[in-house]
Amino acid sequence: MMTAETRPGVRDALPTDLAAMVALGERVGPAGRGPGGEPAESRRARLAALVSDLGAVVLVATDEEVVQGYLAAAVGDPAPPHGGVGPVGYVDDLAVGEGYDWWRVGGALLAHARSRLKEAGAVRMIVTTGGGDPVKQAFLWRSGFTLITESYEESLP
């Protein structure tokens with residue numbers, strides 16, 4: 001049995017992890033939509049493409065091979081409003097099973113992602129959040145991240 005102090009194992013995500021990853025993503029928003037409003041099938045297709053992309057960093061945290069969280073990232077050029085110099089590790093998807101697991105599971109994922117993204121040439125890491133998850137936001141802040149932007153949008157008819 002895992003204790004609160006024991007970090008989960010972290011490994012590269014496999015295609016067989018997709019169902020668990022999508023299920024974790026569904027837990028973060030109503031009707032199978034994440035905070036950004038992404039439907040589960042779109043998330044599945046996006047994550048499947050990333051898992052098969054050798055340039056992406058897609059990790060899962062597991063306890064006894066049960067997926068407890070995941071992180072999906074890619075390295076790219078800095079884009080407005082982030083600017084800056086050098087490639088950026090964009091973490092577009094980061095989820096854990098339970099809010100109380102951010103320190104244990106989320107912390108393990110970020111630790112591995114930092115190393116992997118640096119190896120891939122990134123000089124910074126940016127974690128995108130869809131808002132609406134104050135526990136995740138507090139975790140990121142207390143993990144050393146700085147809030148750089150908050151955006152709102154409206155469809156124009």
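Q: Let's begin with T62, where is it found?
A: T62 is part of strand β2, residues 57-63. Helices and strands here are DSSP runs numbered from the N terminus (H or I, at least four residues, for helices; E, at least two, for strands).

Q: Before we go on, what kind of model is it?
A: It's a predicted model: local features need pLDDT of at least 70, side-chain atom pairs count only at pLDDT 80 or more, and totals for chains, interfaces and linings use all residues. Residues are numbered from 1 along each chain as its sequence is written, and side-chain values use heavy atoms, with hydrogens and water left out.

Q: OK, back to T62, buried or exposed?
A: T62 is buried, at a relative accessible area of 8%. Buried means under 20% relative accessible area, exposed over 50%, and partly exposed in between (1.4 Å probe, protein chains only).

Q: And what is T62 in contact with?
A: Setting aside neighbours within four places in sequence, T62 contacts P8, G9, R11, V67 and Q68. Contact means heavy atoms within 4.5 Å.

Q: Which residues does D101 touch?
A: Q68, V96 and G106, if you don't count residues up to four places away in sequence. D101 sits in the loop between β4 (88-96) and α3 (102-119), and D101 is buried too, with a relative accessible area of 7%.

Q: Switching to α3, how many residues does it have, and what does it reach?
A: α3 has 18 residues and reaches 24 Å from its first C-alpha to its last, close to the 26 Å expected at 1.5 Å a residue. That expected span is 1.5 Å times one less than the number of residues.

Q: Which residues of α3 are buried?
A: W102, R104, V105, G106, G107, A108, L109, L110, A113 and L117. Their cover includes β1 (9-12), β2, β3 (66-76), β4, β5 (124-127) and α4 (134-142).

Q: What follows α3?
A: G121, with a positive phi near 105°.

Q: How about G89, where is its place?
A: G89 is in strand β4, and it's buried with a relative accessible area of 0%. Beyond four places in sequence, G89 has contacts with A74, V75, L117, A122, R124, M125 and I126.

Q: Last one, how do the elements of the protein run?
A: From the N terminus on, β-α-α-β-β-β-α-β-α, with 4 helices and 5 strands. Of the protein's 157 residues, 38% count as buried.
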